[in-house]
Amino acid sequence: MGPAPTGEQLCGAIGEPEVMEPALEGTGKEGKKASSRKRTLAEPPAKGLLQPVKLSRAELYKEPTNEELNHLRETEILFHSSLLRLQVEELLKEVRLSEKKKDRIDAFLREVNQRVVRVPSVPETELTDQAWLPAGVRVPLHQVPYAVKGCFRFLPPAQVTVVGSYLLGTCIRPDINVDVALTMPREILQDKDGLNQRYFRKRALYLAHLAHHLAQDPLFGSVCFSYTNGCHLKPSLLLRPRGKDERLVTVRLHPCPPPDFFRPCRLLPTKNNVRSAWYRGQSPAGDGSPEPPTPHYNTWVLQDTALESHLQLLSTMLGSAQGLKDGVALLKVWLRQRELDKGQGGFTGFLVSMLVVFLVSTHKIHTTMSGYQVLRSVLQFLATTDLTVNGISLCLSSDPSLPALADFHQAFSVVFLDSSGRLNLCADVTASTYHQVQYEARLSMTLLDSRADDGFQLLLMTPKPMIRAFDHVLHLHPLSRLQAACHRLKLWPELQDNGGDYVSAALGPLTTLLEQGLGTRLKLLAHSRPPVPEWGISQDPPKHKDSGSLTLGLLLRPEGLTSVLELGPEADQPEAAKFRQFWGFRSELRRFQDGAIREAVVWEAASMSQKRLIPHQVVTHLLALHTDIPETCVHYVGGPLDALIQGLKQTSSTGEEALAVAVCCYDDLSRLLWGLEGLPLTVSAVQGAHPVLRYTEVFPPTPVRPASSFYEPLQERSSLLPRLDKPCPAYVEPMTVVCHLEGSGQWPQDAEAVQRVRAAFQLRLAELLTQQHGLQCRATATHTDVLKDGFVFRIRVAYQREPQILKEVQSPEGMISLRDTPASLHLERDTRQLPLLTSALHGLQQQHPAFSGVARLAKRWVRAQLLGEDFTDESLDLVAAALFLHPEPFTPPSSPQVGFLRFLYLVSTFDWKNNPLIVNLNNELTVEEQVEIRSGFLAARTQLPVMVIVTPQDRKHSVWTQDGPSAQILQQLVVLAAEALPMLEKQLMDPRGPGDIRTVFRPPLDIYDVLIRLSPRHIPRHRQAVDSPAASFCRGLLSQPGPSSLMPVLGYDPPQLYLMQLREAFGDLALFFYDQHGGEVIGVLWKPTSFQPQPFKASSTKGRMVMSRGGELVMVPNVEAILEDFAVLGEGLVQTVEARSERWTV
Amino acid sequence: EPMERRPLPPHDPPGHPSPPISFPAIPIKFSEKQQASHYLYVRAHGVRQGTKSTWPQKRTLFVLNVPPYCTEESLSRLLSSCGLVQSVELQEKPDLAESPKESRSKFFHPKPVPGFQVAYVVFQKPSGVSAALALKGPLLVSTESHPVKSGIHKWISDYADSVPDPEALRVEVDTFMEAYDQKIAEEEAKAKEEEGVPDEEGWVKVTRRGRRPVLPRTEAASLRVLERERRKRARKELLNFYAWQHRESKMEHLAQLRKKFEEDKQRIELLRAQRKFRPY
């Protein structure tokens, strides 16, 4: 923190931000201004649309008051912008507990207190004699082994204390938990209770007796058990009020020993408190070697003794500083959005509170800091400090009897000692969890430093569930396999320490093994923390294997995914044996090009999609080899969605290779064009302008080899024609290529003449390509189709001044000015913007190899929902690109799966009304420019399309969404995405396997008024359907190059031709929906407005007829005739027209 | 409410725009097989006094609501029973005013996909129009003797027609360019003739082709000049030099902050209304 005096000055102000704001508002003198401000505020929510702010000059330039200046300065110092300050305040309001609710909770707590101290005592019995327990309650602990010495009796608690965040005021909604410590009277405990789980047995019996009595009390809506922070030895009793407050609060009762009962020196991490003789019925190894230490066990006992001292520490440090409390609340939200705080070994709110205390005590945080600054400082600390290597301690004493940090590092993966110097607060936190916390902190810091405007939203409001955050996930199911794994890994001491919890015991070694095996392919490995279950008091506690499944998340390094080789040491090195031992039979000796003979592992993967799944091979191999977990128990979720973008009969590839072949062919063609001799003007640039050439065509083209018998040859024009008696031939879409010529003054300056000259170039191009390179060509007035190696390219010659000529308007005075016309915009889009976009996205694919898969899955899904027609190819590609260029708070996806999930999330949550989607291709836009774009957007909102996508080349107009979608269609997409996302995530997170992954791709058909079913015989892309048909028709292709060199049938797609006619004829009356990838059905939706009777007008008779209604003659759609027209226009293609007339009336 | 479908009777419907017109309706179907029919609304073509029309008065029938599968040939055939048909022209919209018809090249202006169209049918004699107005129908577009292609048949034949003939295209381009070059040459010759020659009032036209070319008369060029001027002036100006300038720039900064604050508050209000502050 900067100069102290400033902080002192501001101290009062931060404490009461609520007071500050009205003070600012109240600076206005006249009431009129206040009302005008109110109006600007009240208006937008009504329309849900932001309005440009209009403030009068007088308001903008009035003399500032002192308060206003103070507020502004404070905002500048303590927050990074006024928006952030307002946002943080709103969020805190949302999560903080209201005073009213606090009162209700306090009342409930008093009741609990009264009842707890009145629970009757029971006489003393042996610990193993549990017959006194009433029938309706079970001991909330696995008592294995059952036999244990000691006696137990129940006495009401000596003291009932509320501990934890509730008192501090840092607990956050919606899950309000109040922790209550019950100090057990000394009479219950005996000297050696620290040993062999005796203390935990007594603790459990104590709770069981309490539970039995409290459950009979009508005050409580529910009484059940749960594990404290997931620790299987430490149950706690959960109490919830009856009635409407049941969901308001959960009171958790934690029995704890009387102060100073346990001698801390016996609970050091190096000490053993669970004897092998007792636990395993045998002494360790029998050779008199020392008992293994039980650091976790010791910690759990210590935790119970320190509950109160921790509370005291927290309340002295945080008590009076509102900023620190706000900071803790924000940190809790931050952790929860990342699912880091839940389950055993979670990075809990308590831990971050202690971390804040640590930072205050080391003067890294000052008590006058704002909540935002605290958040920032803690994140900064986490990002830069590795507690797995350099532990920290709150202990200030230099007592030599205290253990050294190194002792703790030996016993625990993460070290953060409390003020006693004996208790490791992070004892249960695994190294993976801490690394995940660190990784998230680092990401968040970068985000905060980038000064992005929506940092708040991304940091605190965006959930990061595992399935959406990690490229691949894998489920280990059933969990009981881990027990065998523990034995295989010889983890007996750990089991002894963990009280038999084999999941916790195996977790650490398992993640280390996988991290080592995945090596450079891996950026981060995270594991889910087993959730903390609740169970009824009459039930036995859940078994370890019942805690669901263990899910691991893999964040992959894209550059590591290209190699199929695991290079080991040279054969004669001593490490070679280690390598062989690690990889087992997969390790083999290989001679490399440089002559070295090395150990190596080679994975089988030919295509990009297979290479992406090498981690799957690594994981299954290592788990089977080292932990005996068979492949059947490893449910790897990395590529189930790949099936949707796999070509026909190509289950081994998701098409990146096929696209690369086409791009390669295009490169060859552009070389031929550059070198062409005899053109009046030489070729200056060749640019791709087709989805294939930016790797985003859903189904990549394959080389066409037509079977001549299938076609009608048109020899004189060397072309093939479709035949009536055959099924529709394969669909071949020419790939558009724009060809620029060198500049010349010879071009005519008249639009019509330019067209003719261009046509002459097209003809000449075809001639020359045929003469010089023997390519089959066909020229039209606007393009030249070229057949090269089975691919068809459509070359469009462009004249760079043509859009300008189309724009020229001459005023009466002879002044020539430029005005956009539809034709000029169209031409500019096709010949200038589209090539630029194509090359930018082509570049993006080189940077992020998963881009192609994500963009194609996204498009596949949108089209499968029958909405493909309304969204241009380019607009969807740009949305997919945004996931890579602006991945915050995630990192760029490395697998199509996670990218697709984020696509659904983006589509379903983005506020298109009030925000442009900025896709900063090549990072060309500066922060200032983006701000400018945003304000320009607000000012021009009403003239812009409903969906606005801004790129560096297209800052104002959003060319790719100009012609659609409409607001209704966009809304429909948003709704569909919002439904699909949770469904798909649930499927992928199901440990038993995802089930039918195509469910979310099947469109709802019940919303349509008419369904037109098409005959598959005339659907050329029938096999691309979501549910690929088992059999389809022959499409006249050979598997080997045939003798025919004629131009294949181009762009002939009967469903598309049919749709064009339908839209032209009935576009005023209805909307038509179709999946271009093999859809068998066209959905028709009548436009509601078109069924309104209209007066007779010569311009609106289309498809209507005159009727008499209520004595008046009006025009209504001639529905019966139109339905028959559907069949007539699509004769041969249409199978049936299903009118669902119950849905509409004329 | 009872509904009754019937062709429009020959009296003016209420609320109809003036001048009152009447459109008899002729049912038309694609073929025998269809149950329901569309209706052609026909009228003798007429225009207001004083305006000229491309279509001959009295002999032209104006037809509304021609279904998409009905071609010019079939319409001509269907109406030939009323009298000899001289020509049929289908259009997307009715002609509003007189517009010169230019012959459109099939290479450069391909025919659009037809929807419901309007037609101008010119009979050889005025009697054809009156006979057509009394036609009862239903007319059948496609019959056994004169089948009309639709669906797959039509698309295949359309595809065959769309395969271009490069020779024809070349010929068309050459003809056009010859005419164009000639036109340009004439214009240039004329401009050269007029170069430096004063007109009746003594004005001399200065063109770009002259010996001393002048700035082109375009908006862009004049904007460029203005911009250059502005920059020249800005260079001379002193910034934050006088005390009042300093004060003003501070005030400007404050005003910006205020504006931003208002914007932010509005944004927050909106988010609050959308319940966007619920973190989970």
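Which residue of β7(A) is the bridge partner of A:Leu237? The legends below, written for a predicted model, start from this pair.

**View 1. Strands β6 and β7 of chain A, with the bridge partners at Leu237.** The bridge partner of A:Leu237 in β7(A) is A:Leu253. Strand β6 of chain A, residues 235-241, and strand β7 of chain A, residues 250-256, run antiparallel and are joined by three bridges.

**View 2. The open six-stranded sheet of chain A.** Strands of chain A follow one another in the order β3-β4-β7-β6-β5-β12, and the pairing within this open sheet of six strands is mixed. At the edges stand β3 (159-163) and β12 (534-536) of chain A, each of which has a single partner strand, so that one side of each is left without a neighbour in the sheet. From one strand to the next, the twist averages 35°.

**View 3. Domain 1 of chain A against domain 2 of chain A.** Among the domains into which chain A is divided are domain 1, covering 94-261, and domain 2, covering 320-464. Taken over C-alpha atoms, the centres of domain 1 and domain 2 of chain A are separated by 28 Å, and the contact takes 12 residues from domain 1 of chain A and 12 residues from domain 2 of chain A. Between them these two domains of chain A bury about 890 Å², with 52% of it on carbon and sulfur atoms. On the side of domain 1 of chain A, the residues that lose the most area to domain 2 of chain A are A:Thr170, A:Ile172 and A:Asn229, which together account for 47% of what that side buries.

**View 4. Polar pairs between domains 1 and 2 of chain A.** Two salt bridges are found across the interface of domain 1 and domain 2 of chain A, together with four residue pairs in polar contact, both residues being at pLDDT 80 or more. A:Arg336 forms a salt bridge with A:Asp175, in which the closest N and O atoms are 3.1 Å apart.

**View 5. The interface of chain B and chain A.** The contact involves 85 residues from chain B and 118 residues from chain A, and the area buried between the two chains is about 9300 Å², of which carbon and sulfur atoms give 64%. B:Trp155, B:Tyr159 and B:Tyr280 supply 9% of the area that chain B buries against chain A, more than any other three residues.

View 6. To the side of chain B that touches chain A, α6(B) gives the most, with 21 residues.

Technical notes: Residues numbered from 1 in each chain as written. Chains lettered and ligands numbered in written order. Predicted model: local features only at pLDDT ≥ 70, side-chain atom pairs only at ≥ 80, totals over all residues. Heavy atoms only, no water. Pairing = 2+ DSSP bridges. Helix = DSSP H or I, 4+ residues; strand = E, 2+ residues; numbered from the N terminus. Axes fitted to C-alpha atoms, helices over the stretch in contact; angles between N-to-C directions. Domains from an automatic or database assignment. Contact = heavy atoms within 4.5 Å. Buried area = accessible area lost by both parts, 1.4 Å probe. Salt bridge = Lys/Arg side-chain N within 4 Å of Asp/Glu carboxyl O. Polar contact = N/O pair within 3.5 Å; in protein donor to acceptor, adjacent residues only side chain to side chain.
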